[in-house]
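Morning, everyone. Let's take a few minutes on backbone geometry. Please bring the model up on the screen.

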Amino acid sequence: MADVWFGAFLAPEAAGSDRVLRHAELADRLGLDLIGVQDHPYQAGFLDCWTLLSSIAQRTERVRLVPDVANLPLRPPAVLARAAASLDILSGGRVELGLGAGAFWHAIAAMGGRRLSPGASIDALAEAITVIRALWTPGDPVTFHGEHHRLEGARPGPFPPHPIGIWVGASKRRMLELTGRMGDGWLPSSFHSPPEAVAAQARILDAAAADAGRDPAAIRKVYNIGGSLSPLPGDGFLDGPAALWAEQLTELVFEVGMSGFVLAPGVEAERDLRVFAEEVAPAVREAVARERGRPAPEPARRPVLIPDLDEAGRPRTAGRDPGALTSGQARPGRRLVDVHDGYRTQLRQVRDAVEQVTAETADRHGDRLALRQNHWTLGVFCATFRRLLTVHFEVEDGRTFPALTERDPALEPVVKKLEQEHEVIAELLARLDEACARMIADPAAIDRVRTGLERLSQAMSSHFAYEEEELAGPIGRLEIHL
């Protein structure tokens, strides 16, 4: 595989449906290659995977879509084949098919699925791959008699406009060997298979492919990953700045043969997706292209800037190696990230509350008195958040920033820019507060609250990331106590 793909693994939470669609649209605008959605039909709090992927397809233009991975025990393969082909047609050839043999058998049985032994589930998966490919291939009606799946003269079609890859979620030997023999791709996860484990798994898969007469490099290996984007390096996998992420992922490309990485973003999802698409992915692609003697590919993204903050006008300090800090020096900078993470979590709670009130407002048969009480509670929530963040900014402007510029005058342009951004965010907070107050009198004003909260969320995400990149290191190096 010459090219390396990057994507987003989005949680299909029903309570956050607006959020997951917003993140999907952002992934598309940023130029990410894939959107993966987990498929757990027994999870009552999750949106149906295929329904969600169809909605995402309608809202996006170029990003590929993949169930990561489809729950085969609850998805008959013949129906799954038609569903995948149909969405590939409707999306203009943007679907890949992730398949899993099944897990959480008690929950599967509760939904009416068959409980299978590990060996039987793998045999059923092999049969399912045969069934799916047969129904994607033009020809006569298909008859197939397997132990777990059958076709009795099923007509093939509809036919996908591009060759849909079947990517298998596998971690144990028999599943890895099946993937090497039959799969077009492999979908491991760092949550279950950390780098040292996934390297050993890849060797098993590659050996099985070679034994079957296949080129192991032709099997796309797409690693589901998660980590912590922060300005200072930590001890674990994907724990630190974008440059460290790029270094570790590049190593996996060359040492393991990975050809794709799909990020499960954290609490600050928009920031994580932006950094992953705008900093990590280009750095990995450039390193891979340089090693292989090819020109680096041009990014496919459209600019996603926060106009309120004038991101393009941000000054930058001369780069220093964050790894040169001692553990004691790194601690204050990590404290800054922890403080920001607290506000990120609080903002996420505000957004969840807004989404809940929006859903209740849409229910015209709901309890009007209860709805008004919820509007008032949301207004108090927003006002409290504004007050807490204002205190944080006042502490930085009055104590932290002056201490930094006193000890290192070269930081003054960055500090002045951060102070200006404090004023912008303060104005966005005031407008949100005003919208909340208006909503109490006029429930239809909830749309203004949502718009104001979206602008505030984008501005805060960008501002916190900029401050962490520029000041986390100096705070520790200059021994500034937060």
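Start with V69, which sits in the loop between strand 3 (64–67) and strand 4 (70–71). A word on terms: helices (H or I, at least four residues) and strands (E, at least two) are DSSP runs, numbered from the N terminus. This is a predicted model, where local features need pLDDT of at least 70, side-chain atom pairs count only at pLDDT 80 or more, and totals for chains, interfaces and linings use all residues. Residues are numbered from 1 along each chain as its sequence is written, and side-chain values use heavy atoms, with hydrogens and water left out.

Next, the bond from G157 to P158. Cis or trans? It is cis, with omega near -5°. Where is P158? Look in the loop between strand 7 (150–154) and strand 8 (166–168).

Now for phi. F104 is not a glycine, yet its phi is positive, at about 55°. Find F104 in the loop that links strand 5 (97–100) and helix 4 (105–110). Why does F104 count as exposed? Because its relative accessibility is 57%, and exposed means over 50% relative accessible area, buried under 20%, partly exposed in between (1.4 Å probe, protein chains only).

Last one: D310. Its phi is also positive, near 55°, and D310 is a residue other than glycine. D310 lies in the loop between helix 9 (269–292) and helix 10 (327–362). Relative accessibility here is 44%, so D310 counts as partly exposed.
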